[in-house]
Each structure stands twice: as structure tokens, then as C-alpha cells.
Amino acid sequence: MHTYWIIAPAIIIGAVLINVLYNISYQRKMRRIVALLNTGQSREYIAEVEKLLQTARGQGLRNLLKLNLAAGYIEIKQYDKSISLLEDLAGKRFPDSTAKMICQLNLCMSYFYAAQYEKAMSLYNESQKIFESYRSDKTYGGNIAVADILAAMRNGQYDQAERLLDTARRFWNDPRLQNAFQEIDKSLVELKTENKQPEK
């Protein structure tokens, strides 16, 4: 019995260590792959993430890879695929609040871009608490700013959307975000022209 109590913790510690090292190796691979997305090679990024999914074990790791895969589909504007992945992930458990926030934000953005506005606004309103914690975050704040602008536009608050857009443009310098702001600006000009009415 004494031997069992020595061996049992060693087995548990060994299993945990193997799992941690396994996940770290995938994290390293994923970091290398993200460079493809950042340099505009979105289809290559998707192909590499799909390769990782073929060999990844463990539901938690697979969920994180699917979350990353959805980001690739958003980048190439295949919103039906990103929505399918993210809706499936929405009810899953994530290792931390950041992954949960990313899932909700990316799903919200996919709904907006796919013109599923009712779903987009419902999820946007439900997610305010978790979004608030990341609004000033260097990595995610700019994307939340985009969601804020799109929600204001959907509510017909065009002047508010314009103010949010001006602030976001000054604060977030990432080239991909700047491209998003430019596209939003065009849409906002069109909407303001079509709907010349007082802000709600």
C-alpha cells in the first residue's frame, strides 16, 4: 500500500506533464502558423490549422484550434463556415475567459458580416460584460471597437458610429483594422446618405 501511494502521485504528475508538453508543442506550431494570417496568406493559414486538427487529441485543444480556424474563414469572408464552427463552440467550455470572449466576438462579427443582424445584435448585447473587460486590450480592443461601430450603425446611430470610428482610427494602428475601418467608413457614408434623418 505504501508503494501504491508513492507510485500513484507519480503517475498522475507524469500524465499531467505529458499533457502540458503536448499542448505546448501545439501552441508553438500555432504561433508559427499565425504569421501566415498576419501576412495575408489566409488560405495557407486555414490549410495548416486543418492539418493540426487532423492530429490533435483532446477536446480542449481541438476547440482552440477550431477557434483559430474560424478566424481564418472570417478573413476570407466565408462567414457560413465561421458561423458553423463558432456556433458549435459557443456552448463549449474554454480554458479561460479570453478564449470565450474571442468565440463570442468572432461569432458576433460573423453574424454582422453575414447580414444576420438580429443574431448579431442579440449576441452583442449579451456579451457586453465580457467585452467590457477587453475594450482597452492591446490585442482585442480594436476588434471590439469594430463591433461597437457596427452595432451603432445597426441602431441607426450614425453620428455615434462616426465618432466611434474616428476614435478607433486614431487609437488602433493595425493594418487589418485600418482596412476594416475604411470599409466601415464607406458603408457609413452610404447609410447616412440613404437615411437622412435625426439620430435616434
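Which residues in H4 meet which residues in H5? The legends below take up that pairing along with a few other spots. This is a predicted model, where local features need pLDDT of at least 70, side-chain atom pairs count only at pLDDT 80 or more, and totals for chains, interfaces and linings use all residues. Residues are numbered from 1 along each chain as its sequence is written, and side-chain values use heavy atoms, with hydrogens and water left out.

**Figure 1. The whole protein, to get your bearings.** The protein has 10 helices and 0 strands, where helices (H or I, at least four residues) and strands (E, at least two) are DSSP runs numbered from the N terminus. Of its 200 residues, 38% count as buried; buried means under 20% relative accessible area, exposed over 50%, and partly exposed in between (1.4 Å probe, protein chains only). The accessible surface comes to about 12400 Å², and 53% of that belongs to carbon and sulfur atoms. Such areas come from the Shrake-Rupley method with a 1.4 Å probe, and for residues only the protein chains shown count as cover.

**Figure 2. Helices H4 and H5 side by side.** Here is the answer to the opening question: Tyr79, Ser82, Ile83, Leu86, Glu87, Leu89 and Ala90 in H4 meet Cys103, Asn106, Leu107, Ser110, Tyr111 and Tyr113 in H5. Contact means heavy atoms within 4.5 Å. The residues of this contact divide into 9 nonpolar, 3 polar and 1 charged. For this count, Ala, Val, Leu, Ile, Met, Phe, Trp, Tyr, Cys and Pro are nonpolar, Asp, Glu, Lys and Arg are charged, and the others, Gly among them, are polar. Helix H4 (residues 79-90) packs against H5 at an angle of about 145 degrees, with the axes 9 Å apart. Axes are lines fitted to C-alpha atoms, for helices over the stretch in contact, and angles run from 0 to 180 degrees between N-to-C directions.

**Figure 3. Ser82, a residue of H4.** Ser82 lies in helix H4, and at 0% relative accessibility it counts as buried. Not counting residues up to four places away in sequence, Ser82 touches Ala70, Tyr73, Ile74 and Ser110.

**Figure 4. Helices H5 and H6.** The axes of H5 (residues 97-113) and H6 (residues 117-126) come within 7 Å and cross at roughly 155 degrees. The two helices are therefore roughly antiparallel to each other; angles under 35 degrees count as roughly parallel, over 145 as roughly antiparallel, 65 to 115 as roughly perpendicular and the rest as oblique. Among the residues that meet here are Leu107 and Tyr111 in H5, and Met121 and Tyr124 in H6. The contact divides into 9 nonpolar, 1 polar and 1 charged residues.

**Figure 5. Two loop residues with positive phi.** Lys77 is found in the loop between helix H3 (59-75) and H4. Its phi is near 65 degrees, a positive value in a residue other than glycine, and at 51% relative accessibility Lys77 counts as exposed. Ala115 sits in the loop between H5 and H6. Ala115 has a positive phi of about 60 degrees although it is not a glycine, and at 45% relative accessibility it counts as partly exposed.

**Figure 6. Ser42 and its contacts.** Ser42 belongs to helix H2 (residues 42-55) and, at 8% relative accessibility, counts as buried. Leaving aside neighbours within four places in sequence, Ser42 is in contact with Leu36, Leu37, Glu75 and Ile76.
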